[in-house]
Amino acid sequence: MEPLLQTLEAWPVAAALRRSEVLYLLVNAAHILGIGLLIGAIATLDLRVLGVFHHAPLSALGPPLVRVAAAGLGLALATGSLLFSVRPADYAANPAFLTKLGLVLAGLLNVLALHLNPGWGRALTGEGIGMTVRLAATLSLLVWVSALLAGRWIAFLE
C-alpha cells in the first residue's frame, strides 16, 4: 500500500496542489460546495420523507433532489480524491478519515438499498411512504451528517 501512496503523492497534480495555495483553495472550496449540494439535497429529501415539507409532493421534490445529491457526490468525490493526493499517507493513517470513508460507503449502500426497495417507487408515485422508506431516510440523515462530522474531525487528528 505504501508504494501506491508514494506514487500518488508524487503525481504532478498532487505536487501542483501542494505548491499553489490558490489551486488548493479552489479545489477545497469545490469540495465544500460538493458536500453542501450532497448534504443539502439529501437532508431536504430525507426530511420530506419523514413528514417535513408535507405540502410539497415527493414526486416533484424527489427526482431533482436525487440529481442534485448525485452531482454533489460526484464533485465531492472528485475533489476529495485530489485533496487526498496531497498527503495520502497521512490521510490513510487518520482514523477520522477512515471513519468518513466508512460512513460514505454506508450512505451509498443505504441509497442503493432504498432505490432497490419497491416502496421507494411507490412513494415517488404518491402511493404513500412505507416504514422501510422512512427507516432508510432516518438512517440516511444519521449517516451523512456523521460523515460530515468525521470529515471536520480529520483536521483535529493530524
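Me: Which helices each supply at least two residues of the lining of the largest pocket?
Reply: They are α3 (21-49), α4 (58-86), α6 (95-116) and α8 (131-153). Helices here are DSSP runs of H or I with at least four residues, strands are runs of E with at least two, and both are numbered from the N terminus. Please note that this is a predicted model, in which local features need pLDDT of at least 70 and side-chain atom pairs count only at pLDDT 80 or more, while totals for chains, interfaces and linings use all residues. Residues are numbered from 1 along each chain as its sequence is written, and side-chain values use heavy atoms, with hydrogens and water left out.

Me: Which helix gives the most to that lining?
Reply: That is α3, which contributes eight residues to the lining of the largest pocket.

Me: How is a pocket defined here?
Reply: On a 1 Å grid over the protein atoms alone, a pocket is an open set of points where a 1.4 Å probe fits, with protein on both sides within 12 Å along at least five of seven lines. Lining residues have an atom within 4 Å of a point.

Me: How much space lies in the largest pocket, and which residues lie nearest its centre?
Reply: The largest pocket holds about 770 Å³, the volume being the space filled by probe spheres set on the grid points, which are joined across faces, edges and corners. Its lining has 29 residues, and His 31, Ile 35, Lys 100, Gly 151 and Ile 154 lie nearest the centre.

Me: How does that lining divide by residue type?
Reply: There are 19 nonpolar, six polar and four charged residues in the lining of the largest pocket. Ala, Val, Leu, Ile, Met, Phe, Trp, Tyr, Cys and Pro count as nonpolar, Asp, Glu, Lys and Arg as charged, and the others, Gly among them, as polar.

Me: What is the volume of the second largest pocket, and which residues are closest to its centre?
Reply: Its volume is about 280 Å³. Of its 20 lining residues, Ile 42, Val 66, Ala 69, Val 111 and His 115 are the closest to the centre. At least two lining residues come from each of α3, α4, α6 and α8, and the lining of the second largest pocket comprises 16 nonpolar, three polar and one charged.

Me: Changing topic, how many helices and strands are there?
Reply: The protein has eight helices and zero strands. Its C-alpha trace spans about 55 × 25 × 25 Å along the principal axes.

Me: What percentage of the residues count as buried?
Reply: Of the 158 residues, 33% are buried, where buried means under 20% relative accessible area, exposed over 50% and partly exposed in between, with a 1.4 Å probe and protein chains only.

Me: Which residues have the most contacts inside the largest nonpolar core?
Reply: In this core of 23 residues, they are Leu 38, Val 49, Leu 58, Trp 120, Ile 129, Val 133 and Trp 144. A nonpolar core is a set of buried Ala, Val, Leu, Ile, Met, Phe, Trp, Tyr and Cys residues joined through side-chain atoms within 4.5 Å. The largest share of this core, seven residues, is given by α8.

Me: What is Leu 38 in contact with, leaving aside neighbours within four places in sequence?
Reply: Leu 38 touches Ala 69, Gly 72, Leu 73 and Trp 144, contact being heavy atoms within 4.5 Å. A second, separate core of six residues includes Leu 5, Phe 84, Phe 97 and Ile 154.

Me: Which residues of α2 are buried?
Reply: In helix α2 (residues 12-19), Ala 14, Ala 15 and Leu 17 are buried. They lie on the same side of α2 because they cover an arc of only 160° around the axis, taken from the directions from the helix axis to the C-beta atoms. Pro 12 and Arg 19 are exposed on the other side of α2. The cover over the buried residues of α2 includes α1 (2-10), α3 and α4.

Me: And the loops: where is Phe 53, and what is its phi?
Reply: Phe 53 sits in the loop between α3 and α4. Its phi is positive, about 60°, although Phe 53 is not a glycine. Phe 53 counts as partly exposed, at 43% relative accessibility.

Me: Is Ala 93 buried or exposed?
Reply: Ala 93 is exposed, with 61% relative accessibility, and its place is in the loop between α5 and α6.
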